[in-house]
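User: I would like to learn how to read strand pairing and helix packing in a model. Could you take me through this one?

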Amino acid sequence: MKKFPAPAPFLKQEKMKLKNTEAILITPGKMEIKDAPVPVPKDDEVLLKVEYVGMCGSDIHGFANGPFIPPKDPNQKIGLGHECAGTIVEVGSKVKNFKVGDRVCIEPGVPCGHCRYCLSGHYNICPDVDFLATQPNYRGALTNYINHPEAFTYKLPDNMTTFEGALVEPAAVGVHAAMEADIKPGKKIIILGAGCIGLMTLQACKAMGAVDITVSDVIDKRLDFAKKLGASRVVNGKDKDALKDDQNSFDVVFETAGNPITAAQTTSLVIRGGRIMIVGTIPGDTPVNFLKINREVKIQTVFRYANNFPMTIEAISSGRFDVKSMVTDVYNYEDVQRAFEESISRKAEIIKSVIKVS
Ligand SMILES: [Zn+2]
Ligand SMILES: [Zn+2]
């Protein structure tokens, strides 16, 4: 029988043909797609062909105003995007759990692994976390190929698409918020803000057994979505009296709008001994009357997520968590500039946008 030579390792052979580009923020308000080298994965990294990238509020803020934390080097190249899924095209020599062809999503923050926060499991608050599209490297997921450590890469189940995979990250924010709030059946909950993170928090609370969930926003389209995704009641915050009979009645109040006005509302909505969860990024100062909440109310801020990508993936794959129907807009990678512009001009209509990279 004729013997065929062993095939060369996939990428060693194919790599020469790969072509990479990345979407770069040239100045606030202007993105451009530029040629870039194909990254070479380190021993413990995988190389991903990026398929979908979700657009996050922080990306849109970065597009409009430049990064939250400006780079020290004025010539720093700035990428955007951190909600990302795709297919592995190469693995580093020490990678054990992945192979070429695996469909994965990535957790975009890679912490130092040895500070007190990392060691206590709160690696989301590691001061040296390297998070995509922010300091120190400003490396964005809006690119054709990206390297990522195996330890922060997660395989997608067969019944989950990479489109859903790109939405694991914002879903994990909701899961983390609900877990930190110790949501259980029987708790009465209100979520202020029905944007992407508010709706993710709603679904996480539901998945954890809560039934009585009120969602408030000022945009009716978002409230319709909240209803569809299982809110027991929705209220439009424009109606001043909408929550008149709900003073001091909620076990848990989530602020997800990132707004000082809703943040200030939390103290009059929470019950004695209840919890206020600050999930949104609230600019400026919010006056708090501590006398109003001096009956053992807990106030907690929530930052990203830690250790909950696997359960978030399971929640989506099992159908308890619907991320797909939250996507109102899909853009092609070539239209990245328009995608960002419309995220601003059509803000009220868009729940979640996703960019199809390949
Ligand atoms: Zn995000
Ligand atoms: Zn650390």
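**Reading the sheets and helix contacts**

Analyst: This is a predicted model. We can begin with a pair of strands: β10 (residues 188-192) and β13 (residues 250-255) run parallel and are joined by 4 bridges. Within this pair, Ile-191 stands opposite Phe-254 in β13.

User: Which helix packs on the sheet, touching β10 and β13?

Analyst: Helix α8 (residues 260-269) does, and it also touches β14 (270-278). The direction of α8 makes about 175° with that of β13.

User: In what order do the strands of the open sheet come?

Analyst: The order is β12-β11-β10-β13-β14-β15, 6 strands with parallel pairing. At the edges are β12 (233-236) and β15 (298-301), each of which pairs on one side only. From one strand to the next, the twist averages 15°. Helix α7 (residues 220-228) lies across β11 (212-217) and β12, and runs at about 170° to β12.

User: How is a pair of packed helices described?

Analyst: Two values are used: the angle between the helix axes and the distance between those axes. Here, helix α5 (residues 168-180) packs with helix α6 (residues 196-207) at an angle of about 55°, and their axes are 8 Å apart. Therefore α5 and α6 are oblique to each other. Their crossing is right-handed.

User: Which residues of α5 and α6 meet?

Analyst: From α5, the residues include Pro-170, Val-173, Gly-174 and Ala-177; from α6, they include Ile-197, Met-200, Thr-201 and Ala-204. The residues of this contact divide into 11 nonpolar, 3 polar and no charged.

User: At what angle do the axes of α2 and α10 cross?

Analyst: The axes of helix α2 (residues 57-65) and helix α10 (residues 336-345) cross at roughly 100° and come within 10 Å. The two helices are therefore roughly perpendicular to each other. In this contact, Ile-60, Phe-63 and Ala-64 of α2 meet Phe-340, Ser-343 and Ile-344 of α10. These residues divide into 5 nonpolar, 1 polar and no charged.

User: Is strand β4 largely enclosed by the rest of the structure or largely open, and why?

Analyst: Burial is the thing to look at. Strand β4 (residues 83-91) is largely enclosed by the rest of the structure, because 8 of its 9 residues are buried.

User: Which strands are joined to β4 by bridges?

Analyst: Strand β3 (residues 45-54) is joined to β4 by 8 bridges, and the two run antiparallel. Gly-54 has Glu-83 in β4 as its bridge partner. Strand β5 (residues 103-106) also runs antiparallel to β4, with 4 bridges between them. There, Ala-85 stands opposite Cys-105 in β5.

How values were computed. Residues are numbered from 1 along each chain as its sequence is written. Chains are lettered from A and ligands numbered from 1 in the order in which they are written. This is a predicted model: local features need pLDDT of at least 70, side-chain atom pairs count only at pLDDT 80 or more; totals for chains, interfaces and linings use all residues. Axes are lines fitted to C-alpha atoms, for helices over the stretch in contact, and angles run from 0 to 180 degrees between N-to-C directions. Angles under 35 degrees count as roughly parallel, over 145 as roughly antiparallel, 65 to 115 as roughly perpendicular and the rest as oblique. Two residues are in contact if their C-beta atoms, placed from the backbone, lie within 7 Å. Ala, Val, Leu, Ile, Met, Phe, Trp, Tyr, Cys and Pro count as nonpolar, Asp, Glu, Lys and Arg as charged, and the others, Gly among them, as polar. A crossing is left-handed if the near helix is turned anticlockwise from the far one by less than a right angle, and right-handed if clockwise. A residue is buried if 20 or more other C-beta atoms lie within 10 Å of its own, exposed if 12 or fewer, and partly exposed in between; C-beta atoms are placed from the backbone. Two strands pair if DSSP finds at least two bridges between them.
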